[in-house]
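Look it over first, then go through the points by topic.

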Amino acid sequence: MDRFQNTRLPDLDWWARLWPTPGETLRRLGVGPGDAFVEVGSGDGYFALPAARVVDPAPVYALDVDERLLTDLERWVERQGIENVVTVHGDARELAGTLPERVDVVFIANTLHGVEDPAAFVKQAYEALRPGGRFVVINWHDRPPAETTVEGKPRGPPADLRLSPNATVDIVRAVVPFRQVRQVDLPPHHYGLVFERE
Ligand SMILES: C[S@@+](CC[C@H](N)C(=O)[O-])C[C@H]1O[C@@H](n2cnc3c(N)ncnc32)[C@H](O)[C@@H]1O
């Protein structure tokens with residue numbers, strides 16, 4: 001299992017400034033109570049932990065290739081007394097075969113830019129979903145890092161890896177019958193896209 005390019009976990013000090021209310025972000029993207037949810041590339045749980053409260057009592061599968069980050073996540077889960085998070089040490093490239101069940105939401109944030117074969121990953125996301133399930137993507141806007149600063153420093157992946165909303169829609173809809181439901185602006189530097197499995 002190897003990590004996608006430019007997908008190192010951001011430092012919490014500036015990440016928390018950029019995303020002050022991750023649970024609210026998930027709700028804006030249509031995630032709600034009862035949605036069985038997987039975050040692909042969950043890291044130590046910046047989105048997966050609030051997701052657990054948003055979808056409660058449904059499960060949150062937090063999948064990452066980096067086992068140490070999942071160990072950190074498990075510590076947070078224990079400290080916060082959360083009961084519906086399941087960590088999954090695995091590779092996004094084998095998502096559908098790795099999960100114990102099909103889910104209502106496949107969520108990937110700040111990671112798709114690094115996926116070397118996005119079409120193959122989109123197929124995995126499709127297969128991991130129940131009919132009517134949603135594929136939810138958060139991406140950095142396709143702007144140069146000098147224009148996506150946080151606390152005065154350029155942040156985010158290199159410009160040549162970034163995907164515009166249109167490019168992402170084209171990738172997602174090229175391979176499997178996903179219907180685009182909506183695009184959500186996530187200022188200052190991100191956008192979200194929601195697709196539905198037919
Ligand atoms: C930039 S971080 C984003 C973390 C979290 N999604 C967020 O937005 O706060 C990308 C995460 O994807 C994970 N990752 C990278 N390649 C992966 C792969 N092939 N399969 C599963 N996870 C992967 C990394 O270990 C890292 O935790």
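**Backbone exceptions**

Pro-188 sits in the loop between β8 (178–186) and β9 (190–197). Helices (H or I, at least four residues) and strands (E, at least two) are DSSP runs, numbered from the N terminus. This is a predicted model: local features need pLDDT of at least 70, side-chain atom pairs count only at pLDDT 80 or more, and totals for chains, interfaces and linings use all residues. Residues are numbered from 1 along each chain as its sequence is written.

- The bond joining Pro-187 and Pro-188 is a cis peptide bond, with omega about 10 degrees.
- Another cis peptide bond runs from Asp-56 to Pro-57, with omega near 15 degrees.
- Pro-57 lies in the loop between α3 (48–55) and β2 (60–64).
- Asn-6 is not a glycine, yet has a positive phi of about 50 degrees.
- Asn-6 belongs to the segment before α1 (12–18).
- Most residues other than glycine have a negative phi, and most peptide bonds are trans.

**Overall build**

- The protein has seven helices and nine strands.
- Its radius of gyration (taken over C-alpha atoms) is 15 Å, close to the 16 Å that the globule rule gives for 198 residues, so the protein is as compact as a globular protein of that length.
- The globule rule is 2.2 Å times the number of residues to the power 0.38.
- The C-alpha trace spans about 40 × 40 × 30 Å along its principal axes.

**Helices α6 and α7**

- The axes of α6 (residues 118–128) and α7 (residues 165–175) come within 9 Å and cross at roughly 60 degrees.
- Axes are lines fitted to C-alpha atoms, for helices over the stretch in contact, and angles run from 0 to 180 degrees between N-to-C directions.
- Pro-118, Ala-119, Val-122 and Lys-123 of α6 make the contact with Ile-171, Val-172, Ala-174 and Val-175 of α7; contact means C-beta atoms, placed from the backbone, within 7 Å.
- These contact residues comprise seven nonpolar, no polar and one charged.
- Ala, Val, Leu, Ile, Met, Phe, Trp, Tyr, Cys and Pro count as nonpolar, Asp, Glu, Lys and Arg as charged, and the others, Gly among them, as polar.

**Ligand surroundings**

- The ligand is surrounded by 20 residues, each with its C-beta atom, placed from the backbone, within 6 Å.
- The closest are Gly-41, Gly-43, Tyr-46, Ala-92 and Ala-109.
- The shell has nine nonpolar, six polar and five charged residues.

Definitions and conventions:
Contact = placed C-beta atoms within 7 Å.
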